[in-house]
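Me: I'd like to learn how to read charges on a protein model. Can you walk me through it, one feature at a time?

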Amino acid sequence: CVIIQIMVRNYIRKTKRQTWDANVMQTALNEIANGMPFKRASKIFNLPLTTLKRRAKGQNKLAKGNSKHLGRCISTLPEEIETSLKNYALEMEDRLFGLTKKDICKMAYQLAERNGIQHKFSRDKKAAGTAWFKEFLRRNPELSFRTPEATSAVRARGFNKEAVAKFFYTLEEIMRVHNITDPMRIYNMDESGIQTVPSKVSKIVAHKGRKQVGFLTSAERGQNISIVLCLNATGQFIPPAIIFPRKRHNDLLYQGLPYGTLCLHNESGYMKSDTFVKFLEHFQKHCQSSVDKKVLLILDGHVTHQTVEAIEYCRSNGIIMLSFPPHCTHEMQPLDVAVFSPLMTYYNEELNLWLKANPGKIVTLYNVGPLFGKAYRRAATLNNGLSGFEKTGIFPYNPNILPDWKFKPSCTTDRPMVASTDHTMTTSNGDPLPTTNCEKNAESQREETPSSQLQKPGHSTMKSKKEFSSGNSSDDVSIFDENESSVSIVSPSQNNHNENKKIVTPFDISPLPVAPPQSRSSRQSKGATVFTSSPNYLLAKERLSTRMKTSQATNIARKKLFSKTKANKKKRHEEDDAACIFCCELFSTSAAKEKWIKCNSCQKWAHALCAGVSVGKKAYVCDFCV
């Protein structure tokens with residue numbers, strides 16, 4: 001007979017051994033060390049007297065401090081190595097290179113093999129099993145198995161400490177120079193898009209076992225409508241603006257909108273240069289800015305915000321436009337942080353409620369106004385507005401509001417600063433701006449283990465290109481190089497016992513990804529910019545002049561090309577409807593299969609039958625030219 005042992009994943013305890021809390025045991029051990037008798041400690045903390053004596057005297061060989069493992073099944077990897085694997089997974093997740101279940105299991109197998117640990121992992125798959133992975137997550141509650149959100153490489157590279165520090169430095173200087181201390185004079189505006197179909201469908205209760213579950217929407221792809229929101233640091237919103245994709249104004253489109261909404265329209269439904277100037281007029285009407293009482297408008301660096309018309313209007317009406325650094329609005333813009341997410345959620349709910357209340361109908365542009373109005377009243381609240389400015393550190397002013405782990409994705413592409421003749425940027429107090437030291441942060445992140453934790457190597461050393469890119473795309477090939485030579489690490493607690501013992505960690509097998517040095521200098525990002533400043537105003541005028549010259553040259557070239565094309569078309573038309581030089585019959589009225597031939601001398605056409613020659617004759621000269 002064959003006996004198959006199946007590992008129980010949800011084990012139910014059958015005894016009451018070690019039901020006390022480990023923290024209570026540690027407190028009792030501390031009191032005994034301070035002189036408390038064993039019997040008194042046993043009664044006060046409700047602990048077994050014999051167990052308490054063994055722990056205090058160190059006679060329990062299986063116990064480690066205040067805890068003891070029960071049962072015959074123990075973790076394959078030692079605690080130190082498993083802790084390093086946990087720290088490695090967290091560090092890779094911070095850098096947006098999160099490890100999958102397959103990566104974790106393959107790494108566990110390699111750690112066991114490289115450290116000479118006996119294991120029962122699959123040698124065919126060269127990976128640990130599902131049971132070990134689930135137990136690994138259970139032993140490390142800091143980890144969770146989640147579906148990540150796709151993040152672009154430019155956003156990961158652009159959101160760094162230098163860009164954020166420059167923005168807060170510029171913000172502080174503007175508030176100091178123009179004496180903007182009142183939060184009612186600090187505004188944030190941004191555009192977003194809503195559609196006639198939900199942007200995201202919520203989970204529903206459905207039949208179990210079905211592979212496909214549907215949900216009714218108005219269309220596969222909806223029409224886009226742009227909305228523009230604006231609020232100040234006190235949480236007060238000015239009436240929004242809405243841009244419909246229409247050429248002409250239609251009052252039916254704007255019914256049900258919030259009171260005072262600026263109604264705009266253009267062919268695309270997106271923000272354009274002239275549309276932005278109209279919004280600035282709407283903004284100035286409600287904020288009552290002037291040259292003597294300036295306001296600060298913080299917005300993104302879209303090209304429509306940098307036109308000469310917009311800058312001139314802002315300079316003449318006391319509006320200071322400050323842009324966020326590129327690819328940083330998801331963490332630094334109050335509207336993105338606290339307003340747009342609930343607004344889209346409420347709008348999708350209103351869409352679904354409308355479809356249920358109107359079966360057989362679909363949502364059109366004429367229904368968007370009332371639906372957006374209901375969602376806007378629920379999302380544009382005082383608490384959301386105040387929370388947005390507070391979480392981004394704009395007001396109250398807090399340049400250190402963002403934690404260091406949010407800058408970890410930019411560590412992959414961090415390179416030494418290029419030497420420049422510019423002066424070092426400092427704050428208003430004369431202190432230099434903070435700089436990034438990602439490797440130091442990564443090292444401190446991995447040192448959150450007990451005193452017996454491993455001493456990590458310098459993992460930022462670059463390795464061969466083979467480690468980062470491989471031509472083999474097979475699923476059986478691990479992303480980690482199994483043949484890479486290990487770096488010896490000595491545990492401090494074992495240093496006195498065995499100095500030659502070497503332990504391999506995940507940082508040795510697969511170091512943290514670091515971009516190679518650039519072979520050429522790339523274009524430097526502009527960062528936070530004051531659009532209404534004199535240098536940027538002159539730069540905008542120069543761009544406009546260059547654009548006009550280019551446009552004039554293009555128009556001249558198009559006119560020449562058009563005149564040539566028109567003449568060629570006329571010539572081709574005359575040739576297409578030519579008359580036979582013998583019978584004067586037009587080509588357009590001749591029979592469909594009649595053959596024509598062209599004279600090489602006068603370039604005129606004739607019927608092949610009238611000319612008395614065959615069609616295949618190459619050098620033909622008519623009788624009039626002979």
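Me: Let's start with K53. How exposed is K53, and what is its relative accessible area?

Reply: Keep in mind that this is a predicted model. The general idea is that a residue under 20% relative accessible area is called buried, one over 50% is exposed, and anything in between is partly exposed. K53 has a relative accessible area of 34%, so K53 is partly exposed. You'll find K53 in helix α3.

Me: Which residues gather with K53 in a patch of positive charge?

Reply: A patch takes residues with over 30% relative accessible area and no salt bridge, and like charges are joined within 9 Å. Here K39, K43, K53 and K57 come together as a positive patch on the surface. Two elements, α2 (38-45) and α3 (49-57), each give two or more residues to that patch.

Me: What does the UniProt record say about residues 25-60?

Reply: The unreviewed UniProt entry annotates residues 25-60 as "domain: HTH psq-type". In the model, that span is 72% helix and 0% strand, and its end C-alpha atoms are 14 Å apart.

Me: Now salt bridges. How many are there?

Reply: Look for a side-chain nitrogen of Lys or Arg within 4 Å of a carboxyl oxygen of Asp or Glu. Counting that way gives 12 salt bridges.

Me: Which parts of the chain does the salt bridge between E331 and K406 link?

Reply: The E331 and K406 side chains meet at 2.9 Å, N to O. This pair links distant parts of the chain, with E331 in helix α11 (residues 329-332) and K406 in the loop between α15 and α16, 75 residues apart. K406 is partly exposed, with 23% relative accessibility.

Me: And E91 with K408: are they buried or exposed?

Reply: Both are buried. Their salt bridge has its closest N and O atoms 3.5 Å apart. E91 is in helix α4 (residues 79-94) and K408 is in the loop between α15 (382-392) and α16 (438-445), which puts them 317 residues apart.

Me: Which residues do shared partners join into one network with E91?

Reply: Follow the shared partners from bridge to bridge. Here they join E91, D94, R95 and K408 into one network.

Conventions. Residues numbered from 1 in each chain as written. Predicted model: local features only at pLDDT ≥ 70, side-chain atom pairs only at ≥ 80, totals over all residues. Heavy atoms only, no water. Patch = residues over 30% accessible without salt bridge, like charges linked within 9 Å, V, L, I, M, F, W, Y side chains within 5 Å. Areas by Shrake-Rupley, 256 points an atom, 1.4 Å probe, with all protein chains shown as cover. Lys, Arg positive; Asp, Glu negative; His and termini not counted. Charge placed at Lys NZ, Arg CZ, Asp CG, Glu CD. Helix = DSSP H or I, 4+ residues; strand = E, 2+ residues; numbered from the N terminus. Buried < 20%, exposed > 50% of the residue type's maximum accessible area, 1.4 Å probe, protein only. UniProt positions renumbered as here; feature names shortened; annotations may be inferred.
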